Amino acid sequence: MALKNLLALVALLALVGVSIAKPYGNPLGNPRVKGDLDLDYYRFKCPQVESIVRRVTFQYVSRRPTLAAALLRMHFHDCFVRGCDGSVLLKSPNNDAERDAPPNLTLRGWEVVDAVKSVLERKCPGVVSCADVLALVARDAVAVIRGPWWPVPLGRRDGRISRLSEANLPSPFADVKTLKNNFRVKGLNSKDLVVLSGAHTIGVSSCGLISSRIHNFTGRGDFDPAMNPSYVRTLKKRCKPTDVRTPVDMDPGSARRFDSHYFNIVAQKKGLFISDSALLNDFVTKSYIQTQVVTRGASFAKDFSDSMVKLGFIQILTGRKGEIRRKCAFVN
């Protein structure tokens, strides 16, 4: 009789889509940030979710590898504003949503998220959140370019609020004290700051974000003394004073490979942004950079994986909070 009851319970759980396999506790250690996720959250409700995301993401990123950096950045920007709730994906008729904020105007890869969501809605309508889609797409996009892999616990729900005024993201012009505080309030520490900064090993920026740093740092036609002078000369050849559009690699010499080369660049005072150079002004972040240089990035992939898992738990919505959007750009 007991066996019959157990089998009946398992069948019921399968029907309602409750996962009992791999709960994943919140790793942030911040009592203000509550909620658990589950590696097998969609085991019964949408068992093909990860294979679908992987397939569609590969179709896009294999043709345009630069999308890997773009999609990783989108996930980061989502999590740092209102948490990992997919709010960066929302559109506003008044152009006052997160995606309309200046730091997000250069985000791209929206079509990848929409394509994945469209397939999932056909297979499992109303089941998989856009927040989970974005978290998975970011991971799988990096995997396409042979970057580190990390587990993505699932079960996030989508937020209904997206405000331009709240898109206060860590700035490329920030000093290390400000950056550490930006991360601390999200439950992330100094190690997470320097590890996640390592994502700058892929992708590009533009001349506009570094123009004053190399041409007129203090208003006297000088450059930032925290930069390597030879690197400044190289940048000046590429970026004229009025040029705001020309792309610039964030990790010169290795911008298409996800590796630890970024830390070598920063150690040589060739960090593109003030926020990169600032990592040399803190004992913890500087020590990490030096370790990666000496060990040729021995622990970087594992460290990046751990920090990305922590990032994915920031201010998550679970249970009955939020919703499961049918289209990622609009609330239901």
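Ala298 is exposed, with a relative accessibility of 65% (exposed means over 50% relative accessible area, buried under 20% and partly exposed in between, for a 1.4 Å probe and protein chains only). The model is predicted, so that local features need pLDDT of at least 70 and side-chain atom pairs count only at pLDDT 80 or more, while totals for chains, interfaces and linings use all residues. Residues are numbered from 1 along each chain as its sequence is written, and side-chain values use heavy atoms, with hydrogens and water left out.

Ala298 is placed in the loop between α12 (283–295) and α13 (300–311) (helices, H or I of at least four residues, and strands, E of at least two, are DSSP runs numbered from the N terminus). Between the C-alpha atoms of Ala298 and Ser260 the distance is 8.6 Å, at a separation of 38 residues in sequence.

Ser254 occupies the loop between β4 (247–249) and α10 (261–267). Ser254 is buried, because its relative accessible area is 1%. Apart from neighbours within four places in sequence, Ser254 is in contact with Thr201, Asp259 and His261, where contact means heavy atoms within 4.5 Å.

The UniProt record, an unreviewed entry, places the feature "domain: Plant heme peroxidase family profile" at residues 36–332; positions are given in the numbering used here, feature names are shortened, and annotations may be inferred rather than shown by experiment. Over residues 36–332, the chain is 41% helix and 3% strand, and the end C-alpha atoms lie 24 Å apart.
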